[in-house]
Amino acid sequence: MIEKLLEIISPDACFVCQAEGSCLCQNCAETALVSKKPSCILCNKLNIDGRTCSGCYAKSRLRGASVSYRYEGVAKDLIWAMKYQNKRSIARYLATKLLPEDGVVCFVPCDGKARRKRGYDQAEILANNYSKLHKLEFKKLLFRQTHSRQVGKNRPERFKNTKGNFVVAQNVNGLDLLLIDDVITTGATISECASVLKAAGAKSVTALAIAKA
Ligand SMILES: [Zn+2]
Ligand SMILES: [Zn+2]
């Protein structure tokens, strides 16, 4: 509500040409964002469908990754503003730029400290908006494992599958999952999430991101 009011008072202006209305107008989006060519997310070898190559699948249980843009220029600036300038509207805009895929939508949760500082999780906003846009089911599946979470918890352990930093909190058996994050750098975090989800019974996990560094 407050956010809506702020948007009316100071509407988003285009990052590039300052035209009012959106954080990036359509003209500038076409020229300023550089599409990422499909490649294996781990070794960056170009291919036609973004699938993880067979050699890398041994290290990562991601079936593949759909990445919209290269992490540079305006794409990088927008992602930075989404994370550090309290711009939820950018997350909603960028959700429209994620490539169309099919599956149950989930996201890589940011760590608790960043979330508290920011007041929101940008990957959650991306995932939530993406699921509405494409009429897909949205599930909050992954949680960061923290010490406080482990102490004195009293939640059903049935579907819980832990490995390293992440916990799967719901049944994912047989699901094809779309795992959303804003930026993929080395792919280590999203691969860790994929292996936890696969170990919990997911049929496949495909990463979906705005940009790859
Ligand atoms: Zn513009
Ligand atoms: Zn590879």
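## Zinc site of ligand 2

Along the chain, the donors of the zinc ion (ligand 2) are spaced as C-x2-C-x9-C-x2-C. The pair Cys40 and Cys53 links distant parts of the chain: both lie in the loop between helix 2 (26-32) and helix 3 (54-57), 13 residues apart. The protein donors of this predicted model's zinc ion (ligand 2) are Cys40 (SG), Cys43 (SG), Cys53 (SG) and Cys56 (SG), 2.3 Å from the ion. Donors are N, O and S atoms within 2.8 Å of the metal (3.2 Å for Na, K and Ca); water is not among the atoms, so sites may look incomplete.

The 4 donor atoms around the zinc ion (ligand 2) subtend angles of 101 to 115°, which makes the arrangement tetrahedral (four donors with all angles between 85 and 135 degrees). Ideal angles for four tetrahedral donors are 109.5 degrees. Cys40 is buried, at a relative accessible area of 1%, whereas Cys53 is partly exposed, at 28%. Buried means under 20% relative accessible area, exposed over 50%, and partly exposed in between (1.4 Å probe, protein chains only).

## Basis of the model

The model is predicted: local features need pLDDT of at least 70, side-chain atom pairs count only at pLDDT 80 or more, and totals for chains, interfaces and linings use all residues. Residues are numbered from 1 along each chain as its sequence is written, chains are lettered from A and ligands numbered from 1 in the order in which they are written, and side-chain values use heavy atoms, with hydrogens and water left out.

## Zinc site of ligand 1

Cys14 (SG), Cys17 (SG), Cys25 (SG) and Cys28 (SG) coordinate the zinc ion (ligand 1) at 2.3 to 2.4 Å. Their spacing along the chain is C-x2-C-x7-C-x2-C. The 4 donor atoms subtend angles of 99 to 118°, so the arrangement is tetrahedral. Cys17 is partly exposed, with a relative accessible area of 39%.

## Helices 4 and 5

The axes of helix 4 (residues 73-84) and helix 5 (residues 88-95) come within 7 Å and cross at roughly 135°. Axes are lines fitted to C-alpha atoms, for helices over the stretch in contact, with angles from 0 to 180 degrees between N-to-C directions.

Leu78, Ile79, Ala81 and Met82 in helix 4 meet Ile90, Ala91, Tyr93 and Leu94 in helix 5; contact means heavy atoms within 4.5 Å.

## Whole chain

The chain has 9 helices and 7 strands, taken as DSSP runs (helices H or I, at least four residues; strands E, at least two) numbered from the N terminus. Of its 213 residues, 45% count as buried.

Methods: Tetrahedral: all angles 85-135°; square planar, octahedral: opposite > 155°, others 65-115°.
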